[in-house]
Amino acid sequence: MKTTMSPEIQAINLLQQYIQHLGFSPAIHFELEGCFQVNTKERGFSLNYPEINQQLVRADIDGELVAEYWHNQWEYVSLFNGQSPLKEAENLTRAIKIIPFILGKQGVIKTLIKPVVWAGDKGKLVKGSSEIFTNETRAVHIPNAVQLNVSATDSLGDNIIFDGGFGEYLQQCFIDTSLNCCLLYLPEEEAFERLALKSKYGLAAELCSPIDISGGHQGSIALYKEVGKHNQAMGEEPLLYDHNNKVLISQQNWQKTARIEHRLGASSLKYNAYFNIIYALLNLIDALEVYKQGRCRELLRKKTPRQDLPCSLYDNALGTNVGAISLFENDSWFSESLNKISCRMIDAKNNQLPDQKQLGDKIKQMVLASYQQKLILSS
């Protein structure tokens with residue numbers, strides 16, 4: 001019996017094939033933050049991360065859990081196992097479902113995969129420090145992010161992010177599309193409350209999560225080459241250790257780890273990994289087509305202004321602030337880009353699937369469907 005492939009899987013397969021047709025291989029990896037709660041009587045509780053990660057391996061998920069900055073916060077980190085973007089979407093989708101079950105077996109009473117964990121920790125940083133806390137125990141509302149790392153390799157397997165201005169141009173592509181497509185990575189109302197945490201609650205010193213669309217190597221859409229977000233050297237590889245396993249000599253191979261990191265996504269059970277992979281691949285294709293023409297540096301803008309994200313999913317009553325739903329609904333880049341690539345692949349292979357020429361329109365409607373239903377019910 002033939003199984004019908006879902007539209008989003010059709011789209012990712014098609015985009016992967018198109019990138020291969022261009023002569024490149026895409027590399028996309030997720031990072032997702034979350035928190036957990038345990039019985040308040042249980043002191044000194046810690047997760048058994050090695051056991052958790054063994055279970056993820058057994059579930060065929062290319063990722064692992066590590067401890068994060070805040071108390072009772074964890075991070076799911078994708079492993080670089082050479083998985084395709086489609087497999088990466090499957091990995092995150094399955095991880096979001098299985099992690100609460102795995103943590104529950106270790107005594108966690110609630111696993112929180114949400115944009116904000118309200119009063120998730122306590123503390124206030126000493127002015128000018130990022131590590132030392134005062135004795136003040138005010139509540140800290142923890143923002144949880146989904147980050148998307150994107151790069152591409154050529155036919156020789158070499159990362160092209162640093163070549164010919166490709167990384168800078170790919171960054172520009174993401175900056176240009178992130179506003180109108182923010183519904184994809186900010187899928188619920190609390191995601192917009194997450195953006196306002198630092199200003200609304202005076203937590204600018206304690207929280208480093210981005211709040212607007214910006215570039216550079218420290219912005220919300222960051223280009224990492226020689227240095228990373230905290231100005232740390234990228235791609236350091238140990239060469240020699242001492243008897244205490246301390247690194248004595250290392251080399252920097254930043255060319256291997258260079259990438260774009262899209263840091264604006266909010267952790268959510270509504271976050272759709274497949275839609276976000278499609279979004280990433282469409283941006284990657286826009287940049288690759290310019291790269292093949294050797295025009296990345298030529299088409300780079302000299303300066304990219306910061307852009308504010310919307311305040312809500314919804315337009316405000318006065319019509320002065322447009323919400324994420326309207327921005328995506330009124331945007332044509334996402335659906336038309338996918339439609340255009342579908343048509344090219346159909347013409348090349350002459351093996352059209354039903355409605356494949358309108359695949360972009362179909363997926364756009366899939367994204368909007370649940371929000372439109374809610375708007376109808378509330379009107």
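Trainee: What is the relative accessible area of D60, and how is D60 classed?

Mentor: D60 has a relative accessible area of 46%, so it is partly exposed. The scale runs as follows: buried is under 20%, exposed is over 50%, and partly exposed is in between, with a 1.4 Å probe and protein chains only. One caution first. This is a predicted model, in which local features need pLDDT of at least 70 and side-chain atom pairs count only at pLDDT 80 or more, while totals for chains, interfaces and linings use all residues. Residues are numbered from 1 along each chain as its sequence is written, and side-chain values use heavy atoms, with hydrogens and water left out.

Trainee: Where is D60 found?

Mentor: In the loop between α2 (49–58) and β2 (63–67). These labels come from DSSP runs, numbered from the N terminus: helices are H or I with at least four residues, strands are E with at least two.

Trainee: What should I look for in the backbone there?

Mentor: Look at phi. Most residues other than glycine have a negative phi. D60 has a positive value, near 60°, and is not a glycine. N72 is another non-glycine with positive phi, at about 65°. N72 lies in the loop between β2 and β3 (73–78).

Trainee: Is N72 buried or exposed?

Mentor: Buried. Its relative accessible area is 19%. Now look at Q73, which lies in strand β3. Q73 has a relative accessible area of 4%, so it is buried. Q73 and N144 are 71 residues apart in sequence, yet their C-alpha atoms are 8.8 Å apart in space.

Trainee: How do I check the length of a helix?

Mentor: Compare the end-to-end distance with the expected span, which is 1.5 Å times one less than the number of residues. Take helix α1 (residues 7–22). Its 16 residues reach 23 Å from first C-alpha to last, close to the expected 22 Å. Buried residues of α1 include I12, L15, I19 and L22. After α1 comes G23, with a positive phi near 105°.

Trainee: What span should helix α3 have?

Mentor: Helix α3 (residues 85–104) has 20 residues, so it should span 28 Å; its end C-alpha atoms are 29 Å apart, which agrees. Among the buried residues of α3 are L92, I96, I99 and L103.

Trainee: Where does α3 bend?

Mentor: At I98, by about 35°. The bend is the angle between two fitted axes, one for the seven residues ending at a residue and one for the seven starting there. A proline, P100, follows within four residues. P100 is partly exposed, with a relative accessible area of 31%. The C-alpha atoms of P100 and I113 are separated by 8.9 Å, and the two residues are 13 apart along the chain.

Trainee: At what angle do α3 and α9 pack?

Mentor: About 150°, with their axes 9 Å apart. They are therefore roughly antiparallel to each other. For α2 and α3, the axes come within 11 Å and cross at roughly 140°. That makes α2 oblique to α3. Next, α4 and α9 pack at about 135°, with axes 9 Å apart. α4 and α9 are therefore oblique to each other.

Trainee: What is the handedness of the α4 and α9 crossing?

Mentor: A crossing is left-handed if the near helix is turned anticlockwise from the far one by less than a right angle, and right-handed if clockwise. The α4 and α9 crossing is right-handed. So is the crossing of α3 and α9. α2 also passes α3 in a right-handed crossing.

Trainee: How many aromatic pairs are there?

Mentor: Rings of Phe, Tyr and Trp (its six-membered ring) pair if their centres lie within 6.5 Å; planes under 30 degrees apart count as stacked, over 60 as edge-to-face, and the rest as tilted. The count comes to eight aromatic pairs. In one of them, the ring centres of F174 and Y279 are 5.7 Å apart and the planes lie at 70°, so the pair is edge-to-face. F174 is in helix α4 (residues 166–178) and Y279 is in helix α9 (residues 273–292), so the pair ties together parts 105 residues apart in sequence. Both F174 and Y279 are buried.

Trainee: Which residues form an aromatic cluster?

Mentor: F24, F166 and Y291 form one.

Technical notes: Axes are lines fitted to C-alpha atoms, for helices over the stretch in contact, and angles run from 0 to 180 degrees between N-to-C directions. Angles under 35 degrees count as roughly parallel, over 145 as roughly antiparallel, 65 to 115 as roughly perpendicular and the rest as oblique.
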